[in-house]
Structure formats: structure tokens, C-alpha cells
Amino acid sequence: MSLTPVIGIITKDLRVFWSDRRAVIMAFAMPITIASFFGFIFQGRSSDDEVAKIPILLVDHDGSRISTAILDGVKADKNLAVRSLPLEQARDSVRRGNDTVAVVIPPGFGAAAGRAFFRGAAKPQLDFLYDPSRAMELAMVRGVMTQHVMEAVSKEMFSGQGSQAIIDDTLRQLDSPSTTMPEDEQRSLRDMLTSIQRFNALNRIGATASGAPGATGGGGLSMPFEMHEEAVMARQNASYNGFAHSFAGMGLQFMLFAAINMGIDILTERQKGIWKRLRSVPLSKFTLLGSKIASGSIISSLVLLVSFAFSIIVWHVRIDGSKAGFVGVAIASALMAASYGLLIAALGKTPNAARGASVLATLMMVMLGGAWVPTFVFPAWLQRVTVVVPTRWAVDGFDAMSWRGLGFGAAVMPMLVLLGFAVAFSVLAVWRFRWEE
Amino acid sequence: MLEAVSLRKSFGTLVAVDDVSLRLENGETLGLLGPNGAGKTTTVSILCGLTTPDRGTVSIDGQPLGGDTSPGKRKIGLVPQDLALYEELSARDNLQFFGALYGLAGAELEAALASSLALVGLADRAKDRVKVFSGGMKRRLNLAAGLLHNPDILLLDEPTVGVDPQSRNAIFDNLEQLKSRGKALLYTTHYMEEAQRLADRIVIIDHGKVIASDTVAGLTHGGGTLESVFLHLTGRSLRD
């Protein structure tokens, strides 16, 4: 078979593609713009970046040493940006979305927390007024508050000025005939409280001797560990580059859009009678459709190539994994996209009708494939379901070959699955293609 | 030489072509006339291999036409009723593409391009995009695209629709020139004066059937014009 017709079809399709300068610029500029935006959002935190703090409000209706200590601890926390406001203003600020959570410390919280610390009964309540659209941050704030409340209460109980009264009160409760605590537990708690009394007395003597008025020494519970964070990346000391994922996702989306255009062009060719002329030529269906897939793959690859080139030059994205694997995933994605375009041409009735339906299908596909937001934010069942979407494999393949820095082996399965989709789409397209006019 | 024998094609319950037979010799122009929906375009589609008939055969120089890659298709040049061109490309790019489909490349393609463009009078507009062409220029380019591979048989489906008298005359001149080179032309039209001027023989088709086949003189020997004969044979009721 002569390759001249195949080259002719590919050359013509590329000429048609390049002939509309505005469309070409859009095809390349759009993925770059959107991917850059998403890249900023999902950039993650690199070592030299300022930490994004969660804005919270504290409403202290207690004013005790414990609530003051909580406030001090929370204000010093690197994860939170804390302000104090009256209750109604705090509620209004959360409702307006200016702050994520308002934590309300009620009157008597410190004393009640101290009592509950030893006996576990009549626990006081901290109120969290939160923005329902930021429930994920609420969970973080709850965790951070737990740490600071525990630290403040335990410190006060083991060494604070108010601890003596609370321990005396608790001992009196234990001696009361109304106590329901088993005898052996009462004995143990009494021993512990007496020991704390002695410990606190020694602390006060030491503080008086050192001349520091009001000093109570250390004490209290504290986090018994420090955390060291290390992003597991391809290279030591490399930081996660969110642009790698966003450019893979948007590159893929616009590859599919290029494929939609290819399918629409075929329908337009049919509408304009050009397809009659193509079919009157002694060429096989395989040659005609195969050439279309080839030209569609080239155009799709160009869209991806330009997007990634931009991300590499401007956003310093690196292909830290197998370069061959990256090329393999790109080619398999391009073939999948082109065969998808052919399927659109086969199933579509008119260019306009096909455009609407195929754009919707494409957006669903890229959304479920994790091209917009990574699939790990999906519910577990959805993460499992999305393996039937080809874009999921493409995005995972690009991630593996770029920022995850994995070897060629990690590209094999995505490539095979994408090629499988390409074959399935092509077979379906050939089967459903209207050959006769 | 093209020969069609007992062609039949139906779409569901509609019989578009019913037992149509015709013969086209080299150097001959055959006018295929019929009202709207008579089956002309379906017949042309079958003759060039776009549509597979339910029954009947098409042969070119004695070889049956069948299958997508049938060598006989190379002897046919189709000029469809639609302006089957890429408006965003230049005339030259369009012709390069259609030539490449027939395997033309290099000097052979260049010669074919030059000759086709010269024939239709568009040599000096070769680099212009088709979208800036007038309707007549597009029609002429549409004709040139069907001639690039130097086919023996040219199937022209209403090639002068929507063009001004000047372009129509130019197309007639082109076709007469092609005929003088020994090409066989099958020409479908609604314009009786075109058929009268160009056709050696006329086949009138209606409701998918051939209802008359003769020379213009043979059809009009009883008196009247070709149009009056046509209306007499096909009736005066409006067709959709």
C-alpha cells in the first residue's frame, strides 16, 4: 500500500488545524492557563513557602488561668491564625466565611475541666461554630485544640495555683459516703492525688527559694514527641510540584477536546460532501480511518507536548521517572484520544449535536479521571469505580512518570489499559461508522 | 467504458433506484435527468462505488466495480453536488490533498495541479484560500478536484448549481474540452438547456426507474423542447 494517501490525509488535517490561528492559540493557551491556575491551588507546601494558616476565632467567656493558657498555646500554633472576638461578632465572621471556626470557651470551663481531669465526670463543653463548607479544616482545628486544652489543663493540675483547691475538693469527694467509686480505685486515686499535693508543695518551696514570684515550675502533660515530615519523592530534598499533576490533567483534557474537534471535522466533511469524495477514492476503510487516527494522535500529542514544555520551562516540572515511560503514556493517551474522536464521528448525527454530547462526556471523563482534582479526594467507592475511565489511567501514568519519579514498569499498566481503550473505541467506531451515503 | 446493469437500491420501504441500466462510452456525454428525488444522486453514488446496490452490477472496461479498493474506482472522477472542498485551505492545498489520495506525489502531482488549475482558469488564484472564492470559482475548483488523477470517466452531479452564467459557460467549455480528449461524462442536471447543449444522449429517470433513454433529437422528434418532453414524461406535480 502506498503511504502517499496516508501522508496526504495527515498533512491536510494538520494544515486545517493550523489554518485557524485563533483556535490553535486557544488549543495551546487554554490548557496552560487552566493548568497553571490548578497548579497554584494544588501546589502543596514546599519548605520555603509560608504555611497556609487556618483562620480561627477564640471567644473566651471563662477568663481563667486555664482558658488564658489555652489561648496562648493556640496563638503560638503554626497551623492557626487566631483572633479573639466577642461571640456575636465571631458568629457573624464565620457565617460570612472570613473565619473557619470560632471556638467558644464557656464560663467556668477551667475549673470544670480541672475537676473532670481527675474524675472524668461533668465534663465542660467547648463550642465549635464552623463554616460547613470547610468541614475538613474543622477536623484539624479540633485536633489542635485537643492538644492545647490537654496541655493547659494538665499543667494547671500538676503545678498551677488552682490545683490545690481542686485536689482538696476531689479528696473530700472521695471521702464522702456518697461516692460510688470502687474501694481499690478510690485508694489508688487518693494515693495519686496525695503524691501530686506533695509534688506541688516541693515545687512551691523551690520556686520561693529561687525568688521567682508565682513560679510553679514545669509540669503538665505535653506532646511526648516531635514530628519530622519528609515528602517521599523521586529525589532527595525535592519538593512536590503541583503543576506536574495539573498540566497532566489539563493536557489530557485538551487532548480530548482536540479529538472532539477531529470527530466534528469528520462529521462536517460528511455534511459538506467531502466524505463522498474520500470514499470515491480506491482506499480501504482501514486506510481512511487509520489516517484519521494518526492525524488526531499527532494533534493531540502536540497539545500535550506544548503544555508540558511550558510547565517544564516556566514551572520547573520535571519528568523524574522514566522518560520512555512518559513518552509511552503520552502516545497511548494520544491514540486513546484520537480513537475517541473517531467514535464521536461514528456515533454523531450532526456536528452541533455531537459537539454538545461529546463535550459533556469528555468533561465527565476528565473529572472522574482526576484531571481536575486528584482522585484521592474522591470517596473510596468512587476511587474504585474510576478505574473504568481511561483518563484515570492516563493521569496516574503521567503522575508516576513525572513527580512520583517511578520507573518504566509503572507506566506499563497505564499504557496497556489506554491502548485497550483505543482498540475498543476504534472497533466500536468502525462498527458504527456510516460508510454509505 | 462504464456499464450499469439492473441496479436496484432501496432504503427501508423507499425504492430509490429500480432496475436502472445505462451505458457510457468513451468520448460521450450522457445527461441523467430527473425531478427531485428521482434517484439521480443514488445512481451516481452506486456508479462511483459510494453505495452498494441491493442488486445489479457496475463494470468499468468490463471489470466489475466492487469493494473499497477496487482499481476501477481510479478510472472515475467524482464531482459531487456539494462543494466538497476545505474552505480554510488554499486551492492548491485542496488539490494537493485530493491528488495525494490517488497516490500522486512530486512532479506528477505538480503537473496534475498545474493542468487542472489551468483548465478551470484558477492558476493565478492557487494560493488563495477557498473561502474567499466566489461561488463560480468554487464550482470550478470542485471540478478540478475530480480531474486531478486524469480519470477516464467523470461523474458530475449538478456541477453548475448556484453559479452565474459566466462560470457556467466556463464549466461547459471545460467539459467540452474534456470530452474532446476522450473522457466519458455522466452529467446530472435540472437545467434542460445544459443537457441539450452538452449531452449526446439523455436518460430520464423518475421514481427510481429509467423512463426514457435516447438522443436529444430522438426525444424531441415529435416536436417540442426537451423541457416539454421532460414534463410530459415526469408530470407537472410538485416534487419534494
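Colleague: How many residues does the contact take from chain B and from chain A?
Modeller: Keep in mind that this is a predicted model. Chain A gives 25 residues to the contact, and chain B gives 30 residues.

Colleague: Which element gives the most to the side of chain B that touches chain A?
Modeller: Two elements of chain B give two or more residues to that side: β6 (76-79) and α2 (91-101). With five residues, the one that gives the most is α2(B).

Colleague: Are α2(B) and α4(B) roughly parallel or roughly antiparallel to each other?
Modeller: Helix α4 of chain B covers residues 135-147, and its axis lies 9 Å from that of α2(B). The two pack at an angle of about 25°. Angles under 35 degrees count as roughly parallel. Therefore α2(B) and α4(B) are roughly parallel.

Colleague: Which residues of α4(B) make the contact with α2(B)?
Modeller: α2(B) passes α4(B) in a right-handed crossing. From α2(B), the contact is made by B:A91, B:N94, B:L95 and B:F98. By class, the contact has six nonpolar, one polar and no charged residues. On the α4(B) side, the residues are B:L141, B:A144 and B:A145.

Colleague: How far apart do the C-alpha centres of domain 1 and domain 2 of chain A lie?
Modeller: In the domain assignment of chain A, domain 1 is 4-42 + 246-432 and domain 2 is 54-210. The distance between their C-alpha centres is 57 Å.

Conventions: Residues numbered from 1 in each chain as written. Chains lettered and ligands numbered in written order. Predicted model: local features only at pLDDT ≥ 70, side-chain atom pairs only at ≥ 80, totals over all residues. Domains from an automatic or database assignment. Contact = placed C-beta atoms within 7 Å. Helix = DSSP H or I, 4+ residues; strand = E, 2+ residues; numbered from the N terminus. Axes fitted to C-alpha atoms, helices over the stretch in contact; angles between N-to-C directions. Parallel < 35°, antiparallel > 145°, perpendicular 65-115°, else oblique. Left-handed = near helix turned anticlockwise from the far one by under 90°. Nonpolar A, V, L, I, M, F, W, Y, C, P; charged D, E, K, R; others polar.
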